[in-house]
Amino acid sequence: MISVENVSKTFTLHNQGGTVIPVMEGGSLSVAPGECVALVGASGSGKSTLMRMIYGNYLAASGRIMVGDVDVAQAEPREILALRRERLGYVSQFLRVVPRVATLDVVAEPLLALGVARDAARERASALLARLNIPERLWALSPTTFSGGEQQRVNIARGFAHDYPALLLDEPTASLDAANREQVMALIEEAKARGAAIVGIFHDVEARDRVCDRVVDVTGFTPVRVV
Ligand SMILES: Nc1ncnc2c1ncn2[C@@H]1O[C@H](COP(=O)(O)OP(=O)(O)OP(=O)(O)O)[C@@H](O)[C@H]1O
């Protein structure tokens, strides 16, 4: 479902004389439906960069990044937007909140964008918010003023609203209490059971060991710097 082949990435620092920094070479991994692969490696080795390239936020310098039949490294922006709407979910660490939109609608929005009827979308959103212990009295409010942990749970509910066949998770259990962490791990296990291909960054080693089938050490893709 997700296949990264020989990907490289450089950053050009335009405000520092155009210095070019190679950050990845020969990045490769593949994730089958129903499988969860954890990206590991020291801080700065390129885990987030690889994840952002798979999501299409960063453009790869070379190589192929297949998500289903779409090569994210070559796709037009509108193809990437369609891919994100239908097939590729991303739970980032932080919720990017649109002001004044009710929490229930924030969570239902990915389903509404796919044409799901409002009632059905809200029902699914309610079930996820309840499961993640967001009190019902908060559902009509914008999550802008919510605590960090509450915002993270709203973000997770939103990321799991649609059954994406491919899913990227950036530290989904960070800063959660034990009960909510358990719910998130169960959501990941259910997504795998229905055939989702998942790539994740987990600093929570216990969670990683429980839900991930394999680890890929991105240090192996970090270019050797000649000094
Ligand atoms: N937008 C950017 N511009 C320039 N350099 C960048 C940019 N994003 C990442 N880098 C560099 O790319 C390298 C990989 O960073 P990345 O954030 O992918 O590492 P990471 O493994 O996710 O680290 P951490 O575990 O600390 O989050 C680092 O050397 C970083 O400085």
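1. In strand β4, methionine 66 is the bridge partner of serine 3. Strands here are DSSP runs of E of at least two residues, and helices are runs of H or I of at least four residues, numbered from the N terminus. This is a predicted model, in which local features need pLDDT of at least 70 and side-chain atom pairs count only at pLDDT 80 or more, while totals for chains, interfaces and linings use all residues. Residues are numbered from 1 along each chain as its sequence is written.

2. Strand β1 (residues 2–13) runs antiparallel to strand β4 (residues 62–67), and 5 bridges join them; two strands pair if DSSP finds at least two bridges between them. The open sheet has 4 strands in the order β2-β1-β4-β5, with antiparallel pairing. Because β2 (19–31) and β5 (70–71) stand at the edges with a single partner strand each, one side of each is left without a neighbour in the sheet.

3. Helix α1 (residues 47–55) packs on this sheet, touching β1, β2 and β4, and its direction makes about 110° with that of β1. Contact requires C-beta atoms, placed from the backbone, within 7 Å; axes are lines fitted to C-alpha atoms, for helices over the stretch in contact, and angles run from 0 to 180 degrees between N-to-C directions.

4. The domain assignment, automatic or from a database, gives domain 1 (2–87 + 164–221) and domain 2 (96–159). Their C-alpha centres lie 24 Å apart, and the contact takes 9 residues from domain 1 and 10 residues from domain 2. On the side of domain 1 that touches domain 2, α2 (77–86) and α6 (178–193) each supply at least two residues, with the largest share, 4 residues, coming from α6.

Definitions and conventions. Contact = placed C-beta atoms within 7 Å.
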